[in-house]
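Please keep the sequence and the structure in view while reading.

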Amino acid sequence: SSATNSMAKEYMEVACRKQSLVCLAADRSTMAGLFELIEAVGPHIAALKTHVDLVDDWTPDAWASFCTSAKKADLLIFEDRKFADIGGISRKQMAGVYNIRAWSDLVTAHLISGPDIVDGLQAGWGDVGRVGGVLLLAQMSSRGNLLNPSYTAEVVSKGKAHHGVFGFIGNGSRPTELAALRAAVGDAKMIWTPGVNLAVGDGEMGQRYGHPMEAVMAGSDCIIVGSGIHKADDPTAAAKAYADASWNGLVQR
Ligand code: S5P
């Protein structure tokens with residue numbers, strides 16, 4: 001109820017209906033794998049995160065039909081493009097082959113080039129008569145990342161003041177750092193957190209994992225889960241387990 005962005009309310013309504021704060025990181029590299037995944041887990045997730053450029057057999061038509069499936073499953077579509085260029089180029093990168101502006105509700109961006117990137121991305125959606133929200137990377141889950149506390153503080157203070165910012169990416173693997181981020185962000189913007197897995201510890205290539213329930217209790221509004229679901233033997237059961245952990249965390253918080 002404190003959120004300034006209407007999409008945040010839309011997300012929380014879906015999350016409450018499904019009793020799930022899970023955003024699926026759908027990191028599969030074939031269209032068939034993606035369709036299978038959304039079919040299996042749709043009822044247990046509240047948002048869908050994509051990396052459109054890692055799909056081997058991507059076509060505009062197949063992608064359009066995948067996005068239709070996501071909308072049928074009541075999901076915001078979040079393209080994790082991690083834009084980082086100057087505003088004018090980021091606006092153009094919203095078009096191009098993938099035409100991200102036409103189907104994404106949310107995108108990620110680094111603020112390394114300055115706040116005009118948010119205006120550029122918003123102009124990208126505006127070019128096709130759509131609206132969207134930007135999630136700024138305030139923290140990262142990977143070891144050795146360069147987003148130090150003073151960088152995080154700058155991102156939060158600039159991002160909080162920008163109406164085009166939906167919220168922030170925080171590090172789900174470190175509850176103490178996440179709680180500090182929550183305190184700095186306040187209640188008006190979202191914090192979504194990757195780096196969570198029911199198997200806490202180190203993941204592949206420097207990824208780090210914390211427990212989903214602890215992340216929510218520390219202030220996460222949405223846990224971003226990839227391999228914990230898409231690599232599970234039973235993705236449906238895994239999605240349900242993450243949904244339950246996140247919902248219990250929210251109820252306790
Ligand atoms: O700091 C970050 C930011 C992001 S958006 N660390 C991340 O892991 N991510 C994304 O979250 C990453 O691109 C991947 O899609 C997902 C985590 O996947 P998992 O398999 O490790 O759960």
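The expected span of a helix is 1.5 Å times one less than its number of residues. Helix α10, residues 235–252, has 18 residues and reaches 26 Å from its first C-alpha to its last, close to the 26 Å expected. The model is a predicted one.

**Overall build**

- The protein chain contains 10 helices and 10 strands.
- Its radius of gyration is 17 Å, close to the 18 Å that the globule rule gives for 253 residues, so the chain is as compact as a globular protein of that length.
- The C-alpha trace spans about 45 × 40 × 35 Å along its principal axes.
- Of the 253 residues in the chain, 54% are buried.
- When contacts between residues at least 6 apart in sequence are considered, 70% of them join residues at least 24 apart.

**Surface and charge**

- The chain exposes about 10,700 Å², and carbon and sulfur atoms supply 54% of that area.
- There are 23 positive and 27 negative side chains, with the centres of the two sets 4 Å apart.

**Helix α10**

- Buried positions in α10 are P235, A238, A239, Y242, A243, A245, S246, W247 and G249.

**Helix α5**

- Helix α5 covers residues 116–127; its 12 residues reach 16 Å from first C-alpha to last, close to the 16 Å expected at 1.5 Å a residue.
- I117, V118, G120, L121, Q122, G124 and W125 are the buried residues of this helix.
- Among the elements that cover them are strands β3 (76–83), β4 (106–109), β5 (133–137) and β6 (165–169), as well as helix α4 (87–93).
- G129 follows α5 and has a positive phi, near 70°.

**Residue Y209**

- Y209 belongs to strand β9, residues 208–209.
- Buried means under 20% relative accessible area; Y209 has 15% relative accessibility and therefore counts as buried.
- Beyond its neighbours within four places in sequence, Y209 is in contact with S173, G195, V196, N197, A199, V200, G201, D202, G203 and S227.
- Y209 and E10 are 199 residues apart in sequence, and their C-alpha atoms are 28 Å apart in space.

Terms used
Residues numbered from 1 in each chain as written. Predicted model: local features only at pLDDT ≥ 70, side-chain atom pairs only at ≥ 80, totals over all residues. Heavy atoms only, no water. Helix = DSSP H or I, 4+ residues; strand = E, 2+ residues; numbered from the N terminus. Rg over C-alpha atoms; globule rule 2.2 N^0.38 Å. Buried < 20%, exposed > 50% of the residue type's maximum accessible area, 1.4 Å probe, protein only. Contact = heavy atoms within 4.5 Å. Areas by Shrake-Rupley, 256 points an atom, 1.4 Å probe, with all protein chains shown as cover. Lys, Arg positive; Asp, Glu negative; His and termini not counted. Charge placed at Lys NZ, Arg CZ, Asp CG, Glu CD.
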